[in-house]
Amino acid sequence: MAFWESSEVREVLRMIESESLDVRAVTMGVSLRDCAADTLDATAARIYEKLMRVAERLTATTAAVQADFAVPITNTRLSVTPLALVTEASRAPRVVKAAEALDRAARELGVDYIGGFSALVEKGMTAGDRALLDSIPEALAVTERVCASVNVASTRAGINGDAVLEMGRVVKALAETTAREGGIGCAKLVTFANIPDDNPFVAGAMHGVGEGECVINVGCSGPGVVLSAIRRLRAGGAPCDLAAVADTVKRMAFKVTRAGELIGREVARRLGPPARFGIVDLSLAPTPAVGDSVAEILEAMGIEKAGAPGTVAALALLTDAVKKGGVMASSHVGGLSGAFIPVSEDAGMVAAARAGALSLERLETMSAVCSVGLDMVAVPGDTSAETVAAIIADEIAIGVFNNKATAVRIIPVPGKKAGESVVYGGLLGEAYVQEVSRFRADAFITLGGRVPAPLLALRN
Amino acid sequence: VAAGDPEAEIRELVARVTRAVADRAGADVARSRGDLAAIVASEVAAAVAAGEKARASGGRRAVVTTTGRNAKGVVAKIAQAIADAGGDILDISQTLVAGYFTMIIVVDTADLEISFADFKAGLVRAVAALGAECLVMHEDVVNALQRV
């Protein structure tokens with residue numbers, strides 16, 4: 001053809017129609033810094049008013065871009081300034097009303113999740129941070145779409161041990177307030193180290209304090225396209241070594257990221273100021289759909305079940321190749337940009353856990369070479385707050401001491417024991433309750449105080 | 001200048017300026033630098049305006065891919081639908097494998113008489129009667145994925 005080879009057009013068609021090429025998330029970050037007021041009611045009113053004004057055309061615009069470009073936009077979402085910074089001026093001891101304002105705006109705007117019910121407490125906690133943390137169990141139980149995140153550590157600041165312990169308690173309390181639905185509230189709460197300012201993916205999305213008024217961040221397509229490419233490579237019969245696998249992933253990541261960048265820029269352009277294009281997040285984000293699984297990619301690479309020996313090496317190769325392909329395709333890469341391994345949201349991961357291939361400890365090791373960490377991991381309901389905190393501490397330490405983002409989204413499922421399952425449905429999928437070590441770290445985790453920042457922090 | 005295809009537009013701009021300068025230089029070699037600068041400025045402005053216009057119309061070309069079991073009249077049907085909408089067919093290619101065809105049509109949509117959404121819906125409807133499927137995408141998608 002004069003414009004493109006017909007094989008090129010056919011490849012795009014195949015990627016869209018049978019390999020689920022899509023844009024996983026278009027997330028509008030909105031600054032709520034100007035919504036602080038001296039009462040919580042006034043703050044909540046300002047938050048609602050601003051979101052309804054700034055994001056008014058968001059879902060209509062993503063729908064129009066999707067129609068014109070034929071690339072599906074799977075989720076349209078919102079993220080906001082870490083809310084503790086906004087509600088703090090009200091001096092309210094509980095800030096559930098602010099969460100309800102976010103929820104209402106999200107519902108009326110047609111957005112399935114809104115991230116940013118968040119506090120940044122890596123070095124210490126203010127009264128406003130404390131009020132937000134205290135509100136999480138109720139706020140996430142009475143709202144439907146609000147997601148919370150708490151940054152308890154950073155490579156620069158070290159680990160706030162008090163906050164880690166507190167998060168163990170918050171997670172337990174949240175599991176109880178949402179016990180009737182299997183502790184589903186915990187699926188909307190992430191404890192972070194080195195939280196990114198521009199992550200478009202829930203539940204950890206927030207609009208960082210250094211961001212502008214309004215920004216469009218894009219999460220790239222999922223694992224489906226990469227999985228198909230690796231399967232084709234292996235089925236092709238041509239000589240194939242590790243570098244060939246990496247190269248195939250890199251090429252696919254390039255194309256997928258280009259699609260994401262194109263869509264993100266177009267959405268920002270059509271919305272016009274104050275919206276600006278922010279970043280593309282290269283993360284491979286799986287869904288419970290078959291073929292849309294990071295575990296299946298590892299298996300296509302030759303690992304019998306995710307978690308088997310060799311998994312970490314395969315995952316490292318995968319994540320690195322995705323970054324190398326993606327970074328060439330986008331002028332601004334940000335967010336988490338790794339591969340997600342959320343257990344319940346990835347059918348292959350659930351199957352591997354059920355088969356006994358994928359333990360909690362194995363997931364922890366994998367998180368050293370990908371984003372994000374222990375994600376959507378279900379543990380027995382009788383796991384103590386101290387043990388949850390200790391699990392969080394381990395994962396957070398991996399992030400702090402390796403200068404990367406790590407996070408924990410853990411669900412102590414009320415009334416469930418190891419080996420049982422709980423079905424959340426939708427994007428959250430089905431969780432398999434995993435075994436937790438019967439040995440304890442209570443005496444360590446309750447010491448309190450801060451873990452000093454690592455040498456890595458002293459870079460000047 | 002960056003609209004649908006920034007590279008092509010820059011190439012077009014350079015060609016334009018070069019042509020204009022060469023024309024004038026041939027006529028009167030002794031022209032001052034000021035004149036040349038004015039010529040370049042006016043050509044750049046014209047090219048930028050053209051780019052803005054293309055951008056405002058959301059790019060000009062759409063890629064229409066139709067797939068399905070081979071059936072009589074598919075080409076005629078879709079070509080008619082494109083013509084009815086005011087689209088201009090720039091290129092057609094078709095492959096046929098084991099009774100299944102993939103037809104790729106590049107359409108200039110600058111002079112569409114209906115909205116892009118209606119254009120798409122019309123094509124999907126036109127081929128659906130023959131059991132074929134049709135995907136209409138903006139040319140930028142193919143460019144983004146297949147051109148560095």
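**Helix packing in chain A**

Guide: Helix α9 (residues 242-271) of chain A and helix α11 (residues 311-329) of chain A have axes 7 Å apart and pack at an angle of about 45 degrees. The model is a predicted one. At that angle α9(A) is oblique to α11(A), since angles under 35 degrees count as roughly parallel and 65 to 115 as roughly perpendicular. The crossing in which α9(A) passes α11(A) is right-handed. On the α9(A) side, the contact is made by A:Leu242, A:Val245, A:Ala246, A:Val249, A:Lys250, A:Ala253, A:Phe254, A:Thr257, A:Arg258 and A:Glu261. Facing them, α11(A) contributes A:Leu317, A:Leu318, A:Ala321, A:Val322, A:Lys324, A:Gly325, A:Gly326, A:Met328 and A:Ala329. Sorted by class, the residues of this contact are 12 nonpolar, 3 polar and 4 charged.

A second pair in the chain can be described in the same terms. Helix α5 (residues 96-109) of chain A and helix α6 (residues 127-142) of chain A cross at roughly 30 degrees, and their axes come within 9 Å. α5(A) and α6(A) are therefore roughly parallel to each other, the cut-off being under 35 degrees. The crossing of α5(A) and α6(A) is right-handed. From α5(A), the contact involves A:Val96, A:Ala99 and A:Glu100; from α6(A), A:Ser135, A:Glu138, A:Ala139 and A:Val142 take part. The residues in the contact of α5(A) with α6(A) comprise 4 nonpolar, 1 polar and 2 charged.

Terms used:
Residues numbered from 1 in each chain as written. Chains lettered and ligands numbered in written order. Predicted model: local features only at pLDDT ≥ 70, side-chain atom pairs only at ≥ 80, totals over all residues. Heavy atoms only, no water. Axes fitted to C-alpha atoms, helices over the stretch in contact; angles between N-to-C directions. Helix = DSSP H or I, 4+ residues; strand = E, 2+ residues; numbered from the N terminus. Parallel < 35°, antiparallel > 145°, perpendicular 65-115°, else oblique. Left-handed = near helix turned anticlockwise from the far one by under 90°. Contact = heavy atoms within 4.5 Å. Nonpolar A, V, L, I, M, F, W, Y, C, P; charged D, E, K, R; others polar.
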